[in-house]
Amino acid sequence: MDFADIQALRQALYNCPERSGEEIQTKTMLMDFLAAHTTLEQNPCGTGFYAAHREPGATKPSIALRADYDALALPGGNAAHLCGHDGHAAALCGAALSIQGERLERDVFFLFQPAEETGAGALECLELFQREQVDQIYGAHNLPGFPLGKAVTRPGTFACASQGVTLFFQGHPSHAAYPENGISPAQGVGRLLCSLPELAEPTRYSGMTLCTVVGVEMGSRSFGTAAAQAEVRLTLRAEQDRDLERLFAEILRFAESLAKEYHLSFDHQVQDVFPATVNCPDCAQRILELCGGIALEAPMRWSEDFGHYLRCCPGAYFGIGAGEECPPLHTQDYQYPDALLAPTIAAFRTILYS
């Protein structure tokens with residue numbers, strides 16, 4: 001394997017960021033790269049794809065390795081690789097190249113997944129488990145703030161469950177000079193916002209819970225008209241799926257009661273649903289032992305749709321340290337460090353050969 005080819009691929013992916021669900025050029029680039037450098041069999045999987053390494057008479061459990069390849073959506077319709085999915089995909093290609101012509105005593109499936117940022121990609125790629133016998137699945141995410149190249153994981157929940165919720169309140173407009181003639185959502189929304197910390201208080205649940213207000217819109221810029229409608233956008237997080245479900249139910253119940261009290265119509269929408277990423281304890285321990293990894297004391301608060309795979313198959317998700325000085329994910333200064341490619345490929349190889 002020429003490591004310069006992997007670095008060049010990572011840079012090419014970085015220069016071609018595509019939003020979740022729109023990764024046409026990215027997918028083509030990855031498939032063409034694998035076709036040019038390996039003899040792996042390529043198959044569609046949802047709107048993503050996987051490359052298969054098959055060994056007749058294999059004696060070890062089959063393993064799937066997964067990487068995402070979508071970019072982060074930016075305001076205005078653009079996108080940028082501010083989460084490192086360009087590096088994830090390049091590293092998985094490197095792992096695929098590294099086993100070319102070798103015998104592992106197991107079948108291996110290199111799964112390339114779109115649309116991780118919205119939580120939609122993994123659901124489509126569950127098709128892999130219908131088409132192939134997969135005994136274990138692993139994936140890795142770069143982790144700024146941790147030592148460069150160091151594996152990081154934990155048994156149980158590695159990353160929290162989350163979902164977006166939009167709450168809609170509709171009253172009746174009136175002249176701003178006569179607010180008593182209308183129905184405003186202001187008081188109800190105010191009470192809701194003040195009550196959210198109590199509703200999400202972790203001591204009421206079995207693990208970490210969090211409700212973050214990501215946006216509130218009410219009324220219009222017309223100073224002659226009292227507010228008649230409001231929209232509250234929240235992100236809910238929890239260490240366990242059942243706590244997320246309960247938190248959502250508690251907030252919805254309270255919002256509905258406020259709407260009734262203030263004579264408002266009410267509706268809601270759910271967006272970007274991510275299950276908890278719950279590692280198989282044995283698989284997580286395997287990562288820690290094989291890679292000399294760091295065991296996290298608490299789950300990562302961010303979410304990952306890799307949790308969908310772990311509901312179907314034993315496996316583990318782990319981080320690879322991107323360096324203590326690396327800028328945080330989802331910030332304008334972030335870029336996946338090429339120095340992280342080699343240790344990520346090495347971690348994947350260690351899993352495959354053990």
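Buried means under 20% relative accessible area, exposed means over 50%, and partly exposed lies in between (1.4 Å probe, protein chains only). By that scale Ala339 is partly exposed, because its relative accessible area is 47%. This is a predicted model, in which local features need pLDDT of at least 70 and side-chain atom pairs count only at pLDDT 80 or more, while totals for chains, interfaces and linings use all residues. Residues are numbered from 1 along each chain as its sequence is written, and side-chain values use heavy atoms, with hydrogens and water left out.

**Loop positions**

- Helices (H or I, at least four residues) and strands (E, at least two) are DSSP runs, numbered from the N terminus.
- Ala339 sits in the loop between strand E16 (315–321) and helix H10 (341–353).
- Ala339 and Ala91 are 248 residues apart along the chain, and their C-alpha atoms are separated by 11 Å.
- Lys60 belongs to the loop between strand E2 (48–53) and strand E3 (63–68).
- Lys60 counts as partly exposed because its relative accessibility is 32%.
- Contact means heavy atoms within 4.5 Å.
- Beyond its neighbours within four places in sequence, Lys60 is in contact with Leu104, Glu105, Arg106, Tyr353 and Ser354.

**Nonpolar cores**

- A nonpolar core is a set of buried Ala, Val, Leu, Ile, Met, Phe, Trp, Tyr and Cys residues joined through side-chain atoms within 4.5 Å.
- The largest nonpolar core has 46 residues, and Leu30, Phe110, Phe112 and Phe318 have the most contacts inside it.
- Helix H3 (residues 85–98) gives the most to this core, with 8 residues.
- Another core lies apart from it, with 27 residues, including Leu167, Val189, Leu192 and Ala200.
- Phe112 has contacts beyond four places in sequence, among them Leu30, Phe49, Tyr69 and Leu92.

**Salt bridges**

- A salt bridge is a side-chain nitrogen of Lys or Arg within 4 Å of a carboxyl oxygen of Asp or Glu.
- The whole structure holds 17 salt bridges.
- One of them joins Arg54 and Glu132, at 2.7 Å from N to O.
- This pair links distant parts of the chain, 78 residues apart: Arg54 is in the loop between E2 and E3, and Glu132 is in the loop between helix H5 (127–131) and strand E7 (136–143).
- Arg54 counts as partly exposed because its relative accessibility is 37%, whereas Glu132 counts as buried at 14%.
- Glu304 and Arg66 also form a salt bridge, with their closest N and O atoms 3.0 Å apart.
- That pair too links distant parts of the chain, 238 residues apart, with Glu304 in the loop between strand E15 (294–295) and helix H9 (307–310) and Arg66 in strand E3.
- Glu304 counts as buried at 0% relative accessibility, and Arg66 counts as buried at 1%.
- Arg233 forms a salt bridge with Glu231, the closest N and O atoms being 2.8 Å apart.
- Salt bridges that share partners join Arg66, Asp68, Glu304 and Asp305 into one network.

- Lys and Arg count as positive and Asp and Glu as negative; His and the chain ends are not counted.
- Glu239 is found in the loop between strand E12 (229–238) and helix H7 (241–261).
- Glu239 is buried yet has no salt bridge, and the nearest side chain of opposite charge, Arg154, is 4.3 Å away.
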